[in-house]
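The sequence and the structure are shown first, and a description in short sections follows.

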Amino acid sequence: MTIKEKGYTHWDGEFLNKKLSWLPITRYGIKLTFRKKFFKLLFFLALTPAVLFLAGIYVAERMEDFKFMISEGEMPDFLNIDPAYFKAYFTNDYMLFMMVMLLVFCGAGLISDDLKFNSLQLYFSRPITKRDYFLGKASVIVFFLLIVTLLPGLVFILMKLVFSASFEFLSAYPLLPFSVIGYSLLVTIFFSFYGLFLSSVNKNRRYVAILIFGLYIFSDVLYGIFYGIFRDEYFALLSIKENLKQAGAFLFDQKLPHDTPWFLSFVIIVGFCVLGAYVLKKKIRGVEVVK
Amino acid sequence: MSVEIKDLHFSYGKLKALEGVDLSLPSGAIGLLGPNGAGKSTLLRILLGFLKPERGEGRVLGYNIKTQQRQIRRYVGYMPEDDCLITNVDAVAFTSYLGELSGMPRQEAMKRAHEVLFYVGLEESRYRNLETYSSGMRQRLKLAQALVHDPKLIFLDEPTSGLDPQGRQEILDLIKDISSKKDIQVLISSHILSDIEAVCSYVLILNKGKVANQGDLQALKQLDYSLYELKVKGETESIVDKLKAMECRIEKTEDGMLKVYMPPGKSAQEIFRVATAGGHQVRHFVKSQTSLEDLFAEVVGVD
C-alpha cells in the first residue's frame, strides 16, 4: 500500500459547540445497543406492560363498552386509575426486572469495553472532559430507561385526559405528574450509576453483565433469607428492588410496602449513587491516556 | 513556533518528573527521545493538557497549557502507542465517530473519515470490522483517527511499534509526507532511533526530567564530537583507560571494535599517540559517521 496520490486535503469546516460534546457518545452507544442480538425483543418485552396499562386506562374510561366482560357490572379495583395504578406500573417486579435486563444489554459494556480495548485514550485525547464522557455514557442508559418509565407515565396521564375529555383527573391528583417524573428520574439515575459503576470495575462485559444481574438478585435473596430468619422488616434495606419499591410507594403517596422509614431507602439509593460516582472518578482518569 | 515552554516543572509527589524544561519547537517533524523515566510521557501529558505544570509557562499552537486544554486537544491529534479500538464497528464508523468527538459536524466527520482512510491506504478495508485488522492496519487506523479533524500538530507515540519492516517503512513514509507536504507539525516519541533519524529534522532529548539536548539533527550529530572506530591487537584495557582519561567515551562492539567518541578540540592523532605510547598495534582505523544512536548514548550517558 502506498500513499494515495489523491493526498491529504485540509478541512475548512467549523467545529461545533462544545456544550454538546457528549452527544456523539450517547448516539453511538444507542446505535450499538440496538445492534445487539435479542435486544429489540427485550425492548419490546420491556414495553409490553406500558401497552397493557395503557389499555387498562382505555378500558376504565370506556367501561360502558366493556360491561359485558364484567360479571356484576362493577369496576374492578385494579382499573381504578389513580396514583396506585401508576405505582403498580412503575414498581411491579416485572418492570424492575426488565429495567435490570435493559441495563445488562445497554450498560454492561459501556465502560468495560473501553477499558478492555484501551479506548479511553481515544476519548480523552479529544476535547472532551471526564464529565462529558460520563454524561455521554450515562445518557445511553437514561435514554432506554426513560423510554420505559417516564415516557409511558406521561403518556398514561395524557391518554387519561384524552379518553376522559376533561381535566378532572389532574385536578384530583395534581401531584401525579411530579410523582411520575420524580420516580422515573430516581430509578433512572440510580440504574445509571449502578450500571456505570459495575461496568468500570471489570474489563469483561460478560462478567459485568453477571454482576449487574447478580447483585440485583443477590440483594433480594439476601433480604429474603434474613427476613425469613429474623422476621425484621429492616432487612428490606438490603434489597435493591425493595428500596426502589419503598421509594416508589413514597413518591406516589401510597402505603409503604415495608415498615421502615421511607428516607432510609432514599439514603441507600443516594448512597449507592455517591459510591458509584466516587469509584468512577477514581477508575477513569484522563491523565492515563499517555502511558 | 507551535510549542513554546518556559521553565516547566512537574512532580509526582516527591518524584520530580520535569525540572526547568525550556522548549521552542520549530515546524516539521520533531523527535522526542529519552530513556524510560526521562519525562517524555509527562511532557506529552502536559502538552495535551492533562496535567497542569507546577511552575512555568507554555503554549501549544498559541493556547495556554494551563487554561486552554480543551482548545489544545481540539487542534492537536494524538496517535497512542497502545493498541486501541472501539468494538463492533468498521473503520469508517470508528474514524468518523472520533471526528465527531473532536467537534466536527456528523456529515463532515463521515466525509472526512473516508478521505483520511484513503490517505492512509485503508480504502479497501474501510468497511471491515476493526477486530479483523492486522497490526499494520491498526497503526494506519490510529494515524487516520489522529488526522480526521485536520490537526495542526500531531503527537505520535511509538508509531512503528509492532510492525514488520515493510509496514514500518510505509508508516514512516506517511509521517514524512504529513510533516513535509501537509503543513502539519509532527512530534514523534519513539525508542526506535532509526525511525526518528529517518523522519525528523529536529530532536529533543530528555534525560532525568531535563532537556539534555535539542536542535537540528544533522548539526547535533556533527558538532559535538568525532567518532572513530579502531581495532587494536591484543588486550585493549590499557588504551581504553588512557582514552577515557582524555575524556573520550569508549564503546566496545561485539566484534572487538572500539568506538571512540572524541570530545571537541581533540584530533585523531591523540589516539595514535596513546596507542604508540602504550605499544598497541592499530589494525583498523576509520572515521565513522555519527548516528542518532551515538548522539543519544552520548547525551544520556549510556552505552
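## Two helix pairs in chain A

Are H11(A) and H12(A) parallel or oblique to each other? The model is a predicted one, and in it the axes of helix H11 (residues 240–251) and helix H12 (residues 262–283) of chain A come within 9 Å and cross at roughly 125°. Angles of 65 to 115 degrees count as roughly perpendicular and those over 145 as roughly antiparallel; H11(A) and H12(A) are therefore oblique to each other. The crossing of H11(A) over H12(A) is left-handed. On H11(A) the contact is formed by A:Asn243, A:Gln246, A:Ala247 and A:Phe250, and on H12(A) by A:Trp262, A:Ser265, A:Phe266, A:Ile268 and A:Ile269. Sorted by class, the residues of this contact are 6 nonpolar and 3 polar, with no charged residues.

A second pair in chain A consists of helix H6 (residues 130–148) and helix H9 (residues 176–200), whose axes come within 9 Å and cross at roughly 130°. This angle makes H6(A) oblique to H9(A). Here the crossing is right-handed. H6(A) contributes A:Phe134, A:Lys137, A:Ala138, A:Ile141, A:Val142, A:Leu145 and A:Leu146 to the contact, while H9(A) contributes A:Ser184, A:Val187, A:Thr188, A:Phe191, A:Ser192, A:Gly195 and A:Leu196. These residues comprise 9 nonpolar, 4 polar and 1 charged.

## The contact between the chains

Chain A gives 35 residues to the contact and chain B gives 40 residues. On the side of chain A that touches chain B, helix H1 (23–34) and helix H5 (120–124) of chain A each supply at least two residues. That side of chain A has 17 nonpolar, 11 polar and 7 charged residues.

## The domains of chain B

Chain B is divided into domain 1 (3–220) and domain 2 (225–300). The C-alpha centres of these two domains of chain B lie 38 Å apart. Their contact involves 12 residues of domain 1 and 7 residues of domain 2.

On the side of domain 1 that touches domain 2, two or more residues come from each of helix H7 (193–199), strand S9 (202–207), strand S10 (210–216) and helix H8 (217–223) of chain B. The residues of this side of domain 1 are 9 nonpolar, 2 polar and 1 charged.

## A four-stranded sheet in chain B

In chain B, 4 strands form an open sheet with antiparallel pairing, in the order S12-S13-S11-S14. Strand S12 (249–252) and strand S14 (282–288) stand at the edges with a single partner strand each, so one side of each is left without a neighbour in the sheet. On average, neighbouring strands are turned by 20° against each other, direction ignored.

Strand S11 (residues 226–232) of chain B is joined to strand S13 (residues 258–262) by 5 bridges, and B:Tyr228 has B:Val260 as its bridge partner in S13(B). S12(B) pairs with S13(B) over 4 bridges, with B:Tyr261 as the bridge partner of B:Arg249. S12(B) and S13(B) form a hairpin with 5 residues between them, and B:Gly256 in its turn has a positive phi of about 80°.

## Helices against the sheet

Helix H9 (residues 237–245) of chain B packs on the sheet, where it touches S11, S12 and S13 of chain B; its direction makes about 150° with that of S12(B). Helix H10 (residues 269–278) of chain B lies across S11, S13 and S14 and runs at about 25° to S11(B).

Technical notes
Residues are numbered from 1 along each chain as its sequence is written. Chains are lettered from A and ligands numbered from 1 in the order in which they are written. This is a predicted model: local features need pLDDT of at least 70, side-chain atom pairs count only at pLDDT 80 or more; totals for chains, interfaces and linings use all residues. Domain bounds come from an automatic or database domain assignment. Two residues are in contact if their C-beta atoms, placed from the backbone, lie within 7 Å. Ala, Val, Leu, Ile, Met, Phe, Trp, Tyr, Cys and Pro count as nonpolar, Asp, Glu, Lys and Arg as charged, and the others, Gly among them, as polar. Two strands pair if DSSP finds at least two bridges between them. Axes are lines fitted to C-alpha atoms, for helices over the stretch in contact, and angles run from 0 to 180 degrees between N-to-C directions. Angles under 35 degrees count as roughly parallel, over 145 as roughly antiparallel, 65 to 115 as roughly perpendicular and the rest as oblique. A crossing is left-handed if the near helix is turned anticlockwise from the far one by less than a right angle, and right-handed if clockwise.
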